[in-house]
Amino acid sequence: MALWPRLPSGDLVYNFKMEAKFFRFLKIVGVGFKARAESDGRLLYLKLGYSHEVELTVPPAVRVFCFKPNIICCTGIDKQRTHQFAATVRSCKPPEVYKGKGIMYVDEVIKKKQGKKSK
């Protein structure tokens, strides 16, 4: 039998008044691309050039803040869930290699390719 208390499976209940340990910052690059967080960091809306807004529900144990319309901060106590949600947000519009538009991590470097050369 284990000597430590067991955690409930499924949705973990976290107290977010505590200081969050893990952060992941995302940067949105592109004309007209915007993000906004609503309902106390539970919903994230992304305008990414599609005909509709992309709506993402934030999992428990993760909070989302938008400091500017193009900077997203994913924060939480659980490292795996925080980084998994940040990867989900990034997969909505990954950065392209020709113009550099899309959602990327702040510390990520995108190596741009050269376009077709004209004669």
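# Close-up views of a predicted model

**View 1. Arg90 and Glu108 are joined by a salt bridge.** The closest N and O atoms of Arg90 and Glu108 are 2.7 Å apart. This pair connects distant parts of the chain: Arg90 belongs to helix H1, while Glu108 lies in the segment after S7, 18 residues apart. Arg90 is partly exposed, with a relative accessible area of 21%. Glu108 is also partly exposed, at 22%. The structure shown in this and the following views is a predicted model.

**View 2. Asp78 and Arg81 form a salt bridge.** The N to O distance between the two side chains is 3.6 Å. Asp78 counts as partly exposed, at 23% relative accessibility. Arg81 has a relative accessibility of 22% and counts as partly exposed. In total, the structure holds four salt bridges.

**View 3. Arg36, Glu38 and Glu53 belong to a network of salt bridges.** Within this view, Glu53 pairs with Arg36, and their closest N and O atoms are 3.1 Å apart. Distant parts of the chain are linked by this pair, with Glu53 in the loop between S3 and strand S4 (54-57) and Arg36 in strand S2, 17 residues apart. Both ends are partly exposed: the relative accessible area is 30% for Glu53 and 34% for Arg36.

**View 4. Thr82 sits in helix H1 (residues 79-91).** Is Thr82 buried or exposed? Thr82 is buried, because its relative accessible area is 0% and buried means under 20%. Leaving aside residues up to four places away in sequence, Thr82 touches Phe22, Val62, Cys74, Thr75 and Gly76.

**View 5. Strand S1 pairs with strands S6 and S7.** Strand S1 (residues 22-29) and strand S6 (residues 71-76) run antiparallel and are joined by six bridges. In this pairing, Phe23 stands opposite Thr75 in S6. S1 and S7 also run antiparallel, with four bridges between them. Here Leu26 has Tyr105 in S7 as its bridge partner.

**View 6. A nonpolar patch lies on the surface.** Its members are Phe23, Phe25, Phe65, Phe67 and Val106, which together have about 500 Å² of accessible area. S1 and S5 are the elements that give two or more residues to the patch. Phe65 is found in strand S5.

**View 7. Asp40 occupies the loop between strand S2 (34-38) and strand S3 (43-47).** Asp40 counts as exposed because its relative accessibility is 63%, and exposed means over 50%. Asp40 and Arg63 are 23 residues apart along the chain, and their C-alpha atoms are separated by 8.0 Å.

View 8. The average pLDDT of the chain is 84, and 83% of the residues score at least 70. Over residues 3-18, pLDDT stays under 50. For residues 3-18, the model has 15 contacts beyond four places in sequence.

Conventions: Residues are numbered from 1 along each chain as its sequence is written. This is a predicted model: local features need pLDDT of at least 70, side-chain atom pairs count only at pLDDT 80 or more; totals for chains, interfaces and linings use all residues. Side-chain values use heavy atoms; hydrogens and water are left out. pLDDT is the predictor's confidence in each residue, from 0 to 100. Contact means heavy atoms within 4.5 Å. Two strands pair if DSSP finds at least two bridges between them. Patches are made of residues with over 30% relative accessible area and no salt bridge: like charges are joined within 9 Å, nonpolar side chains (Val, Leu, Ile, Met, Phe, Trp, Tyr) within 5 Å. Accessible areas come from the Shrake-Rupley method with a 1.4 Å probe; for residues, only the protein chains shown count as cover. Buried means under 20% relative accessible area, exposed over 50%, partly exposed in between (1.4 Å probe, protein chains only).
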